[in-house]
Amino acid sequence: MSKTCFEKTQPGQHAYSMSRSDSEFDCFLPPLRLLRKNELMLPEMSEIDITRHFCELAAKNVGIDNEFYPLGSCTMKFNPRVNEQCSALPGFSSGHPLAPEEMVQGNLQIIFELVEMLCALCGMEAGSLLPCAGAHGEYTGIKMISAYHSSRGDHQRSEILIPDDAHGTNPATASMAGYRAISIHTNVKGEVDLDHLRQMASERTAALMLTNPNTLGLFNSQIRDIAEIIHGQGGMLYYDGANLNAILNVVKPGEMGFDVMHLNLHKTFSTPHGGGGPGSGPVLCNEKLAKFLPIPRVEKDGNHFKMSWKDVSSIGQICSFHGNFAIYLRAYLYAKLHGNYGLRRIAENAVLNANYLKSKLIQFFTIPYSQSCMHEFVIQADNYLDKGIKALDIAKRLLDYGMHAPTIYFPLIVKECMLVEPTEVESKATLDQFVEAMAAIIEEIQQDPELVRTAPHKTPVSRLDEVLAAKKPILKAQLK
Amino acid sequence: MDFISNQKAQVNAMLEAIGAGSIEELFASIPQNLKHRAPHRDDGLSESEGVILMEEIAAKNTFSSYESYLGAGAYEHYLPAVIGFICSKSEFLTAYTPYQPEASQGMLQATFEFQSAICALTGMDVSNASLYDGATACAEAMLMALRYQKERNKVVIASSLHPHYFSVVKQFLSSHGTLIERIPFDKDGSLDRAKAEALIDDQTSAVLLPYPSFFGVIDEIKQISAKAKACGSLMVVCANPLVYGLYASAEEIGADIAVGDIQPLGLPLQFGGPYCGYMACRQDLVRQMPGRIVGETIDAEGKRGFVLTLQAREQHIRREKATSNICTNQALAALASLVCMLWYGRQGLRELALTNYQRTAYLRHRLGQLPGVVLMGNAPFFNEFALSFGYSGAEAFEHFRHRGIEPGLDLGKYYPEFNGYLLVAVTETKTKGMLDRYIQVASELMVRK
């Protein structure tokens, strides 16, 4: 067990150093009545102890640099260090967000060109890099759809249709933007149930939110029909770009019929996920929705880039300044390094790796959708329930084999679901090791199911009691 | 270039195992008329070409050659070197959200400690694991208050809140038909407390006040809090977190929810992001809180560990009934600020805040002595203040920039009533020499008049 830094406090110790004051500064003191009275209860630690503390914590965490991380729907691919190096260049890291535009031409160039590149890649007309994450992009896109309908005097649209295999963020976004989320069935082939969609689509439909390939890792080949149904009712089509990795430079959301979309640069464009964020969730749209994009926007005037803060049609601002600049800056370089050629190779190899892994795992599990998958696939890990072993147990045991587990129990429509996404970067040897680990676990299930049921055994802690955490919440440390 | 491991030999072996003749076959489910051909020409760059490109673009940013006094929600502070070292460790940098807690104890514990540090700073009971930025944290706090008392649908917001933050709040509330009332400010930039109290009533869900305000003013919030409490409204204070090193904590001034942007504590300016929103609140509000929260628990052997908890609030469980749609947050930025808070510690943060205050006070005082300079007023302040040189914004800016100084923010752009005023921020990064140079350049400007 690691002590918290609050338990490591040693009275009087500290790490900081402060520039010398000046007698001409010292005479200024703020009004006493407004000052803080309660002690600031932060730990007292020296720099060596702080450093060791975080090295100790790092040793209890794994990232894509440490091990294979086939977390479905999360696209855990390699994060090139050159992106880190370039994003730390002082010219980028020291820029103030309200600096005059002539002093930040480089930053504006990055924004303008990245929007252009992403639009070309996705078959869209215009875009904004302001959203800080995928869900933030969803919110922005849905607000743009809302503004579009309002601008046409179309105020009756109160519903957003969302397939039942969608990410939880989709329905949550719909609610946050003031809509009712309507769930659409997925058929036995793993695609949107068109009959149900026709039944639910109406003049109340503001939009359909769709991930394609979907969260089962399947490309919805009826996408043009879906678009026709929704557009026929006057609704808009929203593309959740979480799974864009599979189709880079193969097929474009704009050409599938989508009107507005977001991308997750921390997935497809390899910006590091940082243990939960920051990400970046640019929103792109077609001509119809362009004027509703949030502000500020960057425009090009000859060789000069300028920032525009005023547009009466815009939905307005969605974040403090310019979004997660240092994150989408990394994505810019990633896109430049690959070029269109390299981006296509990403899609091809992501799909190849997923299909290979699937072809190997079919010997151990039910694979509910047997057709070729895209960049990820689902396993129905219910084959060992008679031994008392669930998907959760297998996932935990994988950790003991030095591999991160796939996403489990999502999408919700597959029993004992495991969603596996190997990404394009992994070698065949790594995928084979994963298959070997699975084979070993299946063997253990036959010989000693208790070993699997109580896994993990080699991690810094054994299986954690999540129910207790929610029942008796302890949400902060106490100072020693 | 790319980062793909497999080459021809492996690709062929894999295709054989799959039983496919080509990679192309695997894309059969995509309708032919939608599919693009693979590009023939490799138009990518080598790593070294990429670096050259980025260096060229970075060089087009000339901002760092100026001594800058810009603040307005983003502050230049010294960044202790240890922050970058810790945040670039693979185990933190390249991990996903801790969905498998047994393999993510490091980040979970660090986040738990971040929550604890935010509670210490603000004096509040509980904190979440972060939100996108200061503006969205304000917006989420408003939505949280509206959920807490569903029958109320009005919020009262200071006009001296950062205008960007207000825009975002308005944006988030626009889908909910909420009535927004704004508290005016006096000529000296401080809030009109009588008007504030008059606006708060039993229909008011929340009151949102800045600390300090956009003009740098430290308002006397306690009295307004008392009125809010009497009306059963939630008091939301949006603060520069560094202010708590010196001035009364959110808890001491009567806040129910404390929000803001953690940027001044450990994050570079980097053109506005990533920054990191923080949110802390009273214990009884925790189930309405948006975003991830880390909690302590035990493992099968009774050993302490950490997990994401109270997840019944979140989108992946509750879907359309979630408290927010937020999923990915600003975890690594929160880690950076935790390291920064530990590096300064309780004594250092106090000294840092006082240093910021004193250097600001010095510059403000000396400029105020120059004939023709008008300070916005004499209200208490922290590390930012507003003044007018009696010139139009453009003239004063040109004079300073010509001498290598970016003198502050043109306030008139945001508040026409303060046309000609500059908002000037001073932090510990400004030496006495730099401040004296600012004063010298200002006095030359005033002489010209």
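The questions and answers that follow concern a predicted model. Residues are numbered from 1 along each chain as its sequence is written, and chains are lettered from A in the order in which they are written. Local features need pLDDT of at least 70 and side-chain atom pairs count only at pLDDT 80 or more, whereas totals for chains, interfaces and linings use all residues.

Reader: Which helix gives the largest share of the side of chain A that touches chain B?

Author: Residues are in contact if their C-beta atoms, placed from the backbone, lie within 7 Å. The contact takes 168 residues from chain A and 165 residues from chain B. The largest share on the side of chain A is 21 residues, and these come from helix H12 (residues 325-361; a DSSP run of H or I with at least four residues).

Reader: How are H5(A) and H12(A) oriented to each other?

Author: The axes of helix H5 (residues 105-122) and H12 of chain A, lines fitted to C-alpha atoms over the stretch in contact, come within 10 Å and cross at roughly 45°. Angles (0 to 180 degrees between N-to-C directions) under 35 degrees count as roughly parallel, over 145 as roughly antiparallel, 65 to 115 as roughly perpendicular and the rest as oblique. H5(A) and H12(A) are therefore oblique.

Reader: Which residue in S12(A) stands opposite A:Thr407?

Author: Strands (DSSP runs of E, at least two residues) pair if DSSP finds at least two bridges between them. Here, 2 bridges join S11(A) to the antiparallel strand S12 (residues 417-420) of chain A. The residue opposite A:Thr407 is A:Leu419.

Notes: Two residues are in contact if their C-beta atoms, placed from the backbone, lie within 7 Å.
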